[in-house]
Amino acid sequence: MGFDDHVPYCVANKGLQDLVFKEAEKLIAKGETTIMLSTMDGYRLCQCNCEECNKLFGMKAENWDQIYARGKSGKLWQAFFGITERIRKKYPDVKIVMLDYQDTPVNAQVIKKFPENVIVKIQYASQLDFDRIQGIEFPAGICGFEETFTGFGQAGPYVPERTPEHIASVVQAQARNNVKWSMRDGALGYVRGMQAPAYYVYGRMMDDPAADWKAIYKEFCDAAFTNVASQMTGFFDLLHMQIAIYSDFYGVMMPAWNRKYSRSRFHDSKWHVMSIFTPEYMAEAENLLSSAEKNAKDPDIKARLHLTRIEFDYIKKMARIFYMQNAWTMNPSRIYLDPLVDAIDEWHADLEKLSESTGKRLFLPLSDWPEMRPFCGHYYGIAALQNSGYQQQWDKTCLNWDTKAIRGGILDDKHQIKVASVEELPGIDNSNAWNNVPELFFKDRGGMPYANVKTTMKVLRDKDNLYVRIDSLYPSKHPEDFFPKEPDGDILKQEYVELGIMPPDSGGKVYRLAANPVEGSRYDSVFTPGEKGRMGEDVQWNGKWDYAFKASGVKGPWSLNGRIWTAWFKMPFSEFGGKAPAAGEAWGFNAARNKVEQGRYFLWSDAPAVTDTNALGQLVF
């Protein structure tokens, strides 16, 4: 079936075409004369393997190379034209708008002339995108899907992405190519202070595309900053010089917007921030902005500078963090690590102040500009870049390091747990029993601990049992969406936590226990030393141990990254082939969390695997 599970509908299907035609007729009956037929993101409509699609494309969709080839062919247009032609014959005055996009590309190799009732929405970021459609006839004309202020740039959503000069050329391209109307892909950007000149040029040139953008730019600086216009003109000139290559070359839909240049390995979001916002640039820009702040007198000017300061400090401190991380990477010592951790905490503290929260409370309006919220009123978790955004890579950067774990010594930890004993049952919901137990942190295998996927553990014992509780932030998917498994089934294809336990008298055996947030889900085996020191896994071993889980929060479209699932293990000491441990006795132990879908493996004691005898920590009873 290939990729069929990802296909919301099939345009080549006659039944689907009938349904779309009927819906269009309903709109026409209400008086609509222009109707949009939308394609899908992610090449979804090129992933169907029905008989009609395989015939249309001349190939199956069994891998991404074939899907991309299907999209590039532009053959999906023919399926859509089956719908638009029916509409044209019955309603000749009705126009259909269709997007130039992944599944439906527009170029002279794909199509020479569009039907008379089809208005094509051209995706563009510059004149280059209009150049590729030269020679194609558009009897009904074109409209636009512009990539100007998107928030999708590689350097992040809260960094200026276009220069006034670039924006002026975009407006001129619209006029030159007779774009009837246009809409943006994404929001209007989120940096209303540092990108203000580009916004102003954009709006004013919509009135007159032939206007001089430089004169409009000067008009903005003079009017917005009056007595400190000189400093702020210098500030913006410097900024635009720095971001020019990003705006015109690496930016969204520009020549280097591809995996060869702007999105190749190590040319990630961090690299773009560092390449634009160098220490030398930041120092000079800081001097200009500080001078403007010192000399500004008018309250409105001070308010504009206040917004600009918030955005500038956000970028400056983020760039500083990345430069400091590079220093630590090249010279891994506490001399470089401690200031880096302090800088990360300072950056996060600044964001927390904007909303007085680390939750989903929107950033507060500025005290001197009540109509304005920093970063368009987003909230802490988004602005802190806790997750990788569209076309961006943030979740594994040092911005998301768990500084509490680092300060707690996880990088130097000898991984020895002194296990406290309790009289009452420390159940999964018995917070009193767990309250005073030290919290132990996990970190990425071979890497660092991350706060955005924080994984922690607590361990207790009573006379007969060992108890382990593991809390995992941000599951791979909502626990309600995990597929169910029977006891001792293969649970290892979706996120799970696991333990490795080696009693001192086990003869080198390591017991493995694993589970995920699914009712009745459990896996156990025992690893036994074999020839040449290799460990063999016996999956026939079935221990008698108890497991429970729970999940915080509720399933929702935006709640996943804040949910925690808790795994609780109760393991009788007798199941491990011996008696309860005596005081002072040490057992080999490790614990891990495997986010299978993301290919990430977190451990308490860093190791290739949780059962690796060379990397086991210790439980000291």
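This is a predicted model: local features need pLDDT of at least 70, side-chain atom pairs count only at pLDDT 80 or more; totals for chains, interfaces and linings use all residues.

Student: How many aromatic pairs does the structure hold, and how are the planes of Y158 and F375 arranged?

Tutor: The number of aromatic pairs in the structure is 37. For Y158 and F375, the ring centres lie 5.0 Å apart, and the angle between the planes is 65°. An angle over 60 degrees counts as edge-to-face. The arrangement of Y158 and F375 is therefore edge-to-face.

Student: How many residues apart are the two members of that pair?

Tutor: Y158 is found in the loop between strand 4 (142-146) and helix 6 (164-176). F375 is found in the loop between helix 13 (334-355) and helix 14 (380-383). The pair thus links distant parts of the chain, and the separation is 217 residues.

Student: Are Y158 and F375 buried or exposed, and which residues form an aromatic cluster with them?

Tutor: Both Y158 and F375 are buried. They also belong to one aromatic cluster, whose other members are Y190, Y314, W347 and F363.

Student: Which parts of the chain does the pair of F573 and W587 tie together, and are these residues buried or exposed?

Tutor: F573 and W587 form an edge-to-face pair, at 5.6 Å centre to centre with 75° between the planes. F573 lies in the loop between strand 17 (564-572) and strand 18 (586-595), whereas W587 lies in strand 18, so the pair ties together parts that are 14 residues apart in sequence. The relative accessibility of F573 is 2%, and that of W587 is 2%. With the limit for burial set at under 20%, F573 counts as buried, and W587 likewise counts as buried.

Student: Which arginine residues lie over the faces of F21 and Y450?

Tutor: Over the face of F21, an arginine lies at 4.5 Å from the ring centre, and this residue is R86. Over the face of Y450, an arginine lies at 5.0 Å from the ring centre, and this residue is R600.

Student: Which strands stand at the edges of the open sheet?

Tutor: The open sheet has 5 strands in the order 1-2-3-4-5, with parallel pairing.

Student: Is S357 buried or exposed, and which residues does it touch?

Tutor: S357 is placed in the loop between helix 13 and helix 14. Its relative accessible area is 19%, so S357 is buried. Leaving aside residues up to four places away in sequence, S357 touches E352 and Y380.

Student: How many salt bridges are counted, and why are D313 and K316 separated by about one helical turn?

Tutor: The count comes to 37 salt bridges. One of these joins D313 to K316, with the closest N and O atoms 3.9 Å apart. Because D313 and K316 are 3 residues apart in helix 12 (residues 299-330), their separation is about one helical turn.

Student: Which helices hold D350 and K317, and is K317 buried or exposed?

Tutor: D350 and K317 form a salt bridge whose closest N and O atoms are 2.6 Å apart. D350 lies in helix 13 and K317 in helix 12, so the pair ties together parts that are 33 residues apart in sequence. D350 is partly exposed at a relative accessible area of 25%. K317 has a relative accessible area of 13% and is buried.

How values were computed:
Residues are numbered from 1 along each chain as its sequence is written. Side-chain values use heavy atoms; hydrogens and water are left out. Rings of Phe, Tyr and Trp (its six-membered ring) pair if their centres lie within 6.5 Å; planes under 30 degrees apart count as stacked, over 60 as edge-to-face and the rest as tilted. Helices (H or I, at least four residues) and strands (E, at least two) are DSSP runs, numbered from the N terminus. Buried means under 20% relative accessible area, exposed over 50%, partly exposed in between (1.4 Å probe, protein chains only). A charge sits over a ring if NZ of Lys or CZ of Arg is within 6 Å of the ring centre and within 35 degrees of the ring normal. Two strands pair if DSSP finds at least two bridges between them. Contact means heavy atoms within 4.5 Å. A salt bridge is a side-chain nitrogen of Lys or Arg within 4 Å of a carboxyl oxygen of Asp or Glu.
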